[in-house]
Structure formats: C-alpha cells, structure tokens
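Good morning, and thank you for coming. Please look at the sequence and the structure together as I go through them.

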Amino acid sequence: MRGTNPNTGEPVDEWGCAVTWMPFMAVEIAQKSNQTGAAVESFRNEVVKANQSNQQLYIQALNQQQIIPAHITPLNQPINTLPEGE
C-alpha cells in the first residue's frame with residue numbers, strides 16, 4: 001500500500017494483509033467524506049448567494065419597468081400524483 005498515513009501524515013509504502021489495513025482505510029474514508037461534505041456545503045452556500053443576487057436583480061428590473069411581481073403560493077399537494085390503487 002502506498003500513500004499517506006491519515007493519522008500521522010507520514011508516507012506509507014508497505015505490503016501487508018488487507019485486513020490489517022482496514023483501520024487506516026476507515027480513517028481515510030471518514031476524512032474524505034468530511035471533505036466532501038464541506039465542499040458540498042460551500043457549493044450550496046455559493047448557489048444560495050447567487051440565487052439571492054439574481055432575485056434582487058429581477059426585482060429591480062421589475063420595479064424599473066413598473067411591473068408588479070406575481071405572488072405565487074405553492075400547492076398543498078405535488079403535481080402528477082396518482083390516486084391510491086392505480
């Protein structure tokens with residue numbers, strides 16, 4: 001196995017039984033999972049900021065054209081649902 005020990009950061013270049021490497025791999029997987037979660041959260045935050053900015057630009061454009069934005073309320077039930085038993 002070649003790589004970096006996730007606990008110490010030291011380089012690893014050893015041959016061994018797969019079962020002995022399982023604790024190291026579990027730590028590595030957990031770290032990668034945490035990094036992925038952080039990246040997704042960061043991306044989500046950027047999308048939310050961009051969406052808010054776009055909403056403000058849209059509202060400003062509507063106000064300049066003196067168009068009243070529509071007030072839309074969500075449906076209580078989702079669209080395209082099948083009745084029970086079909």
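I begin with a term: a salt bridge is a side-chain nitrogen of Lys or Arg within 4 Å of a carboxyl oxygen of Asp or Glu. By that criterion, a search of the whole structure finds three salt bridges.

Before I take them in turn, a word on the source. This is a predicted model, in which local features need pLDDT of at least 70 and side-chain atom pairs count only at pLDDT 80 or more, while totals for chains, interfaces and linings use all residues. Residues are numbered from 1 along each chain as its sequence is written, and side-chain values use heavy atoms, with hydrogens and water left out.

The protein has one helix and two strands, in the order β-β-α from the N terminus. Helices (H or I, at least four residues) and strands (E, at least two) are DSSP runs, numbered from the N terminus.

Which residue forms a salt bridge with Arg2? The partner is Asp13, with the closest N and O atoms 3.3 Å apart. Arg2 lies in strand β1 (residues 2–4) and Asp13 in strand β2 (residues 11–13), so this pair ties together parts that are eleven residues apart in sequence. Both Arg2 and Asp13 are exposed; here exposed means over 50% relative accessible area, buried under 20%, and partly exposed in between, with a 1.4 Å probe and protein chains only.

Next, helix α1. Glu28 and Lys32 form a salt bridge at 3.8 Å, N to O; they are four residues apart in the helix, and therefore separated by about one helical turn. Glu28 is partly exposed at 25% relative accessibility, and Lys32 is partly exposed at 45%. Further along, Lys49 and Glu46 meet in a salt bridge at 3.5 Å, N to O, and they are three residues apart in α1.

The structure also holds one aromatic pair. Trp21 and Phe24 form this pair, which is tilted, at 5.5 Å centre to centre and 50° between the planes. Rings of Phe, Tyr and Trp (its six-membered ring) pair if their centres lie within 6.5 Å; planes under 30 degrees apart count as stacked, over 60 as edge-to-face and the rest as tilted. Trp21 is buried at 11% relative accessible area, whereas Phe24 is partly exposed at 28%.

Phe24 is also where α1 bends by about 35°, the bend being the angle between axes fitted to the seven residues ending there and the seven starting there.

Finally, buried residues make up 6% of the 86 residues in the protein.
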